[in-house]
Amino acid sequence: MSKIDPIHVIGGGLAGSEAAWQIARAGVPVVLHEMRPERGTDAHQTGGLAELVCSNSFRSDDDESSAIGQLHYELRRGGSLIMRSGDANQVPAGGALAVDRDGFSQAVEAALEADPLVTIDRREVAGLPPEDWKSVIVATGPLTSPDLAKAIQHLTGEDELAFFDAIAPIVNFDSINMEKAWFQSRYDKVGPGGTGADYINCPMDEEQYNAFLDAILEGEKTDFKEWEANTPYFEACLPIEVMAERGRETLRYGPLKPVGLTNPHDPDVKPYAVIQLRQDNALGTLYNMVGFQTKLRHGEQTRIFKTIPGLEDAVFARLGGLHRNTFLNSPKLLDAELRMKAMPRLRFAGQVTGVEGYIESASIGLLAGRFAAAEALGETMTPPPQTSALGALLGHITGGHLDAGKGSFQPMNVNFGLFPPVEHPRGEDGKRVRGKAKKPARKRAYTDRAKADIESWFGTKLAAE
């Protein structure tokens with residue numbers, strides 16, 4: 001057998017790490033290029049591969065009634081390194097899969113370093129890759145280095161598309177007043193590694209909530225640079241002050257909703273609003289403030305967030321922040337195998353393609369890695385069925401968007417709206433399910449169909465051990 005040229009993967013985040021892993025599993029050599037720690041970014045704090053820069057949650061692990069849970073299922077079925085490392089480093093989080101961020105990153109890096117087919121190169125790839133790199137996956141994420149971003153923009157001729165993504169603060173557990181706060185998951189829901197009491201809850205009455213809301217609205221915010229002023233936010237990761245600006249009840253129907261919770265310190269009084277904190281590391285020493293992405297200045301964050309009952313003496317391990325994300329107009333620029341139409345030796349993976357979320361990014365990394373490996377081996381790999389979570393995401397970024405005009409294509413999390421419609425679910429009696437049972441039955445119909453269809457695809461296409 002003739003020598004196979006290595007595939008080059010640029011970017012050691014979740015998508016790049018997953019792509020490199022899938023390529024090596026197929027028996028193809030791969031060089032993973034990661035510029036950190038030689039050159040940092042505005043959001044990363046370490047040089048570790050697959051560093052989680054925002055939340056430590058992979059979201060719902062329910063593979064029967066949620067699209068993201070189904071995506072978890074499919075990645076596990078595909079031998080995903082990201083899911084394997086996440087499962088090995090999970091921390092309690094109700095119905096979600098959350099991980100110890102340091103342990104997770106270390107597990108990913110250790111696996112790649114130990115693989116004889118993987119070479120890790122700690123230097124920046126500035127500009128377009130050398131012409132003698134026959135197959136390249138660009139997985140530089142939303143924080144693509146300026147030189148490479150400019151080179152890609154020049155190649156595509158497209159205006160840059162961008163949005164802001166915000167980071168939530170992290171609090172030291174031993175600084176939280178548990179005489180005011182309490183442990184409970186909403187509706188006592190138990191998730192992977194959890195007990196049903198996985199969140200710390202800080203209650204507010206109506207007067208406290210309104211004072212808190214006023215402080216957020218009046219607090220000093222981070223100034224935008226001129227070129228950032230018109231950049232839209234991603235709707236699923238809005239800064240808390242942007243939500244507050246949309247109406248005084250917005251937060252109470254969002255991250256501060258008080259439903260499904262009972263304060264054991266005062267069980268007869270229902271909280272008007274509740275701030276939740278989720279465990280952030282395996283030791284249980286750090287908790288992040290759920291939904292508290294923010295562009296408030298650091299001094300304002302400390303002042304305002306310490307007015308929350310239970311957080312009066314909070315010690316912040318990390319304050320919130322804001323960084324600028326970039327992504328391609330993928331439906332116009334990429335083909336069905338994630339190759340750039342203007343330069344087919346380049347594939348793209350991760351958030352830069354227009355998916356949002358850790359697991360979505362890893363999923364596109366898995367697909368890009370498998371496509372590239374198949375090509376290197378002289379094989380043809382059919383895309384996953386669009387009825388699967390993987391196929392639905394791929395379809396969204398490579399052709400599922402109706403209008404790929406400027407500003408029209410936007411990043412998206414996986415959701416059942418990206419899947420082909422299912423037939424109206426029927427009960428055992430053959431009649432259509434109606435009423436309250438209809439919604440869960442419909443979700444189950446999506447995931448049942450996805451599991452059946454993805455099994456066939458994985459059974460024949462480079463299934464990882």
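Strand β2 (residues 30-33) is covered on both faces, with Val30 and Leu32 on one side, Val31 and His33 on the other, and all four residues buried. Here, buried stands for under 20% relative accessible area, exposed for over 50%, and partly exposed for the range in between, using a 1.4 Å probe and protein chains only. Strands (E, at least two residues) and helices (H or I, at least four) are DSSP runs, numbered from the N terminus. The model is a predicted one, in which local features need pLDDT of at least 70 and side-chain atom pairs count only at pLDDT 80 or more, while totals for chains, interfaces and linings use all residues. Residue numbers start from 1 along each chain as its sequence is written, and side-chain values rest on heavy atoms, with hydrogens and water left out.

Two strands pair if DSSP finds at least two bridges between them. Four bridges join β2 to β1 (residues 7-10), and His8 stands opposite Val31. Four bridges also link β2 to β6 (residues 118-121), where Val31 faces Thr119. Together with helix α1 (residues 14-25), β1 and β2 make a right-handed β-α-β unit; right-handed means that, with the strands pointing away from the viewer, the path from the first strand over the helix to the second runs clockwise.

An open sheet of three strands comes next, ordered β3-β5-β4 with antiparallel pairing. Strands β3 (57-60) and β4 (90-91) stand at its edges with a single partner strand each, so one side of each is left without a neighbour in the sheet. Two antiparallel bridges connect β3 with β5 (residues 96-99), and the bridge partner of Ser57 in β5 is Ala98. Helix α3 (residues 81-88) lies across β3, β4 and β5, at about 85° to β5. Such angles run from 0 to 180 degrees between N-to-C directions, with axes fitted to C-alpha atoms, for helices over the stretch in contact.

A further open sheet holds six strands in the order β10-β11-β12-β13-β9-β14, again with antiparallel pairing. Its edge strands, β10 and β14 (316-318), each pair on one side only. Two bridges join β10 to β11 in the antiparallel sense, with Trp182 opposite Asn201 in β11.

The loop between β10 (182-183) and β11 (199-204) contains Tyr187, which counts as exposed because its relative accessibility is 61%. Beyond residues up to four places away in sequence, Tyr187 touches Val259 and Gly260, contact being heavy atoms within 4.5 Å. The C-alpha atoms of Tyr187 and Ala197 are separated by 9.4 Å, with the two residues 10 apart along the chain.
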